[in-house]
Amino acid sequence: MSNPHNPHNRQYHAKNNKAIHATNLTDTGLDWRMEFANTINDRQTLAKMLDLPLDFAEKVGDFALKVPQKFVKKMQKGDMNDPLLLQILPTAAETVQALGFVADPLAEKLANPTKGVIHKYRSRVLIPITGACMVHCRYCFRQHFDYQENLPTTNDWQTIVDYIVKHPEVNEVILSGGDPLSLSDRRLFAILDILESLSQICTIRLHSRVPVVIPSRLHDALLQRLSSSRCQIVLVIHANHPNELDDETVFYFKQAKLAQITLLNQTVLLKNINNNADVLATLSEKLWQAGVLPYYLHVLDKVAGASHFYIDDEQAVAIYWQLLEKCAGYLVPKLVRETPNEAFKTPLNLYAKNS
């Protein structure tokens, strides 16, 4: 009798693939889906919520405005320079063509051996399982990504599994997108089932902005499923400013921590938003109190349309030295950049100023 968990058992995978794309099954956790359905995508609604002039946001390009009301409520009314607002607000600055800012800043097309797989680092592969996000961050490095060509369909999952099996050095899978937590529980759980069936996979990592913008997505059924995985589950959240962490957000982070899920945070250094050591120190402290370890502090990926957020290396290093003075060592994230064709994320040279 065949082992139903054998990664080469195509009947097993066909069953799970069918479950991934089922649309007639109910999900658990209604709150987050209602909040997702009510995201703001027009300037007038956003202006009214924030007591700002109706024409304050400019309509530019194809990267639409999209932000959950829950996240908007964390913004300061009447403040056009609110650090959370600036992260999601379309502006004419996005139309500026800056040297070195390109559509594919990380050259992911060159690390895309088969549909649905990005393999940049030896021991781990990234799978963009959805093109959907619950918020459109204006600095997103995948805002020009061709999701149509890379989202795995039912028929692609066997190919993905075969690729992983042929690369026994791969022991970790990163679920990304888009945002993996924008998927329904049913689809997400079916994907987890497939990956957990591969004995070589020890860690499954989910990179998500959702717990910050719609915290209720971390509802009990999701946390129970993640905590029951045979793999180590790592949830890498994305918070850039301490104002993003209100009481509700902290509550759900703590629930995830209680469920034995490893919580890490990555932050992007953004001009006029968090290019300040005091802001970053406060963020690290609040994350730690919520059970989240600061992980990476990224310099901006040079994606077309985001040059107005850019901070040069000299400024980044200066801020980092100040952060080292303000925080305990375990609260200081690694200052890195992601460089195309490198086998790892590259730490910035902290001693360049002394060379």
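Q: What counts as a helix or a strand in this predicted model?
A: Helices are DSSP runs of H or I with at least four residues, strands are runs of E with at least two, and both are numbered from the N terminus.

Q: Where does Cys-137 lie, given those elements?
A: Cys-137 is in the loop that runs between E2 and H6.

Q: What makes Cys-137 part of a "binding site"?
A: The label comes from UniProt, where an unreviewed entry places this feature at Cys-133, Cys-137 and Cys-140. Such an annotation may be inferred rather than shown by experiment. In the model, Cys-133, Cys-137 and Cys-140 belong to the lining of the largest pocket.

Q: What makes a residue part of that lining?
A: A lining residue has an atom within 4 Å of a point of the pocket. For the largest pocket, of about 920 Å³, 46 residues line it, and Phe-141, Arg-142, Ser-176, His-207 and Gln-266 lie nearest its centre. Strand E1 gives the most, with four residues. The lining divides into 23 nonpolar, 13 polar and ten charged residues.

Q: Why is the contact of H6 with H7 counted as having no polar and no charged residues?
A: H6 brings Trp-157, Val-161 and Ile-164, and H7 brings Ile-191, Ile-194 and Leu-195. Trp, Val, Ile and Leu count as nonpolar, so the contact has six nonpolar residues.

Q: Which hand does the crossing of H6 and H7 have?
A: The crossing is right-handed. The two axes come within 11 Å and cross at roughly 35°. The term right-handed applies when the near helix is turned clockwise from the far one by less than a right angle.

Conventions:
Residues are numbered from 1 along each chain as its sequence is written. This is a predicted model: local features need pLDDT of at least 70, side-chain atom pairs count only at pLDDT 80 or more; totals for chains, interfaces and linings use all residues. Side-chain values use heavy atoms; hydrogens and water are left out. On a 1 Å grid over the protein atoms alone, a cavity is a set of points where a 1.4 Å probe fits but cannot get out, and a pocket is an open set with protein on both sides within 12 Å along at least five of seven lines; lining residues have an atom within 4 Å of a point. Grid points are joined across faces, edges and corners, and a volume is the space filled by probe spheres set on the points. Axes are lines fitted to C-alpha atoms, for helices over the stretch in contact, and angles run from 0 to 180 degrees between N-to-C directions. Contact means heavy atoms within 4.5 Å.
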